[in-house]
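These are notes for a colleague who works with computed models. Please read them with the coordinates open.

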Amino acid sequence: ADLMARAGRAPPQVFEAHELVMFAKGCHHRRTPEDNARGRAALEQAVELDPEYALAHAWLACTIAQAFVFHRDPSVFAEAKGHAVRARALNDDESECHRVLAA
């Protein structure tokens, strides 16, 4: 009941951020440089819309780390870790936040 009450009060940008995360997850799983870039752009937009959305930070971390496969730039890991740490801080109960940080 509490979840439904909160959902009813959620501003529209929260729903848009969720849609962006779902789109980005699809991009991530296609595992191409082009899809990685599209997914990252969507996740950056999601984080901008809802900076407190833990899953957006978690998937942004995962997508940034995935870019290493395509570009072999180890500097991406610091940025990825920052988003993963932020994700877990925002929602310590969300398993995806822990999975991404552990990865």
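**Notes on the model**

1. Phe77 is partly exposed, as its relative accessible area is 40%; buried means under 20%, exposed over 50%, and partly exposed in between, with a 1.4 Å probe and protein chains only. The model is predicted, with local features needing pLDDT of at least 70 and side-chain atom pairs counted only at pLDDT 80 or more, while totals for chains, interfaces and linings use all residues. Residues are numbered from 1 along each chain as its sequence is written, and side-chain values use heavy atoms, with hydrogens and water left out.

2. The structure holds one aromatic pair. The ring centres of Phe68 and Phe77 are 5.0 Å apart and the planes meet at 45 degrees, so the pair is tilted. Rings of Phe, Tyr and Trp (its six-membered ring) pair if their centres lie within 6.5 Å; planes under 30 degrees apart are stacked, over 60 edge-to-face, and the rest tilted. Phe68 is partly exposed, at 22% relative accessibility.

3. Phe77 is also among the residues that line the second largest pocket, together with others including His28, Cys62, Lys81 and Leu101. Helices H4 (54-71), H5 (76-90) and H6 (95-102) each give two or more residues to this lining; helices are DSSP runs (H or I) of at least four residues, numbered from the N terminus. A pocket is an open set of points on a 1 Å grid over the protein atoms alone, where a 1.4 Å probe fits, with protein on both sides within 12 Å along at least five of seven lines; lining residues have an atom within 4 Å of a point. The space in this pocket is about 220 Å³, a volume being the space filled by probe spheres set on the points, which are joined across faces, edges and corners.

4. Asp35 lies in helix H3 (residues 33-49) and is buried, at 7% relative accessibility. Its side chain makes a polar contact of 3.3 Å with that of Arg30 (a pair of N or O atoms within 3.5 Å; within protein, one must be able to donate a hydrogen and the other to accept it, and residues adjacent in sequence count only if both atoms are side-chain atoms).

5. Arg31, in the loop between helix H2 (12-30) and H3, has a positive phi of about 55 degrees although it is not a glycine. Arg31 is exposed, at 56% relative accessibility. Arg72, in the loop between H4 and H5, has a positive phi near 50 degrees.
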